[in-house]
Every structure is written in C-alpha cells, then in structure tokens.
Amino acid sequence: MAPAEEVLVFLKEAHDGFQPLAKNLKFDKDHALHRTLMALYGSVLELTSSCILLVAKRLLPGVPVLLRAVLEA
C-alpha cells in the first residue's frame, strides 16, 4: 500500500482536476443520461473529498471503502 502522503497528494490532484471540468458540463434535466452523469460526477467529488479529509487526519481504515465506492460508481 502507498504511504498516506502519496495517497493524499494523488487524491488532491484528482479532486482539484475534476472541479474545473464542471465548467464544460452541459446539463439537461430531461435527459436520463445527463442526470445519471451528474449524479456520478457529484459522487466522485464527494467521495474523493471525504477520502482527503480521512487521509489528512490519519483515519486510514475507512479510505479503502470510500475508494472502492468511487471505483464502483
């Protein structure tokens, strides 16, 4: 397993990289695909930020569970 510092750097880069992409999103609430993609995008951002908080506070046991949820999303 990677050291907590490396995981934290990766998660911050991923999270910070996702946010600017939101400017390019086109959303039409009448399209099921758009709703699904927005829910997925929001879940990835939320779970990634939760992982960042846990790793920063060295509460590591919950991180793999959240990362798995990101992969399954």
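At what angle do helix H1 (residues 4-21) and helix H2 (residues 32-56) pack? The angle is about 150°, and the axes of H1 and H2 lie 9 Å apart. Axes here are lines fitted to C-alpha atoms over the stretch in contact, with angles running from 0 to 180 degrees between N-to-C directions. Helices are DSSP runs (H or I, at least four residues) numbered from the N terminus.

This is a predicted model, in which local features need pLDDT of at least 70, side-chain atom pairs count only at pLDDT 80 or more, and totals for chains, interfaces and linings use all residues. Residues are numbered from 1 along each chain as its sequence is written, and side-chain values use heavy atoms, with hydrogens and water left out.

H1 and H2 are therefore roughly antiparallel, a term for angles over 145 degrees. Residues in contact (heavy atoms within 4.5 Å) include Val7, Leu11 and Phe18 of H1 and Tyr41, Val44 and Ile52 of H2.

A search of the whole structure finds one aromatic pair, meaning rings of Phe, Tyr or Trp (its six-membered ring) with centres within 6.5 Å. Phe18 and Tyr41 form this pair, with 6.0 Å from centre to centre and 90° between the planes. The arrangement is edge-to-face, the term for planes over 60 degrees apart. Phe18 belongs to helix H1 and Tyr41 to helix H2, 23 residues apart.

The table gives the accessibility of both partners; buried means under 20% relative accessible area, exposed over 50%, and partly exposed in between (1.4 Å probe, protein chains only).

| Residue | Relative accessibility | Class |
|---|---|---|
| Phe18 | 28% | partly exposed |
| Tyr41 | 14% | buried |

Notes:
Helix = DSSP H or I, 4+ residues; strand = E, 2+ residues; numbered from the N terminus. Parallel < 35°, antiparallel > 145°, perpendicular 65-115°, else oblique. Phe/Tyr/Trp six-rings, centres within 6.5 Å; stacked < 30°, edge-to-face > 60°.
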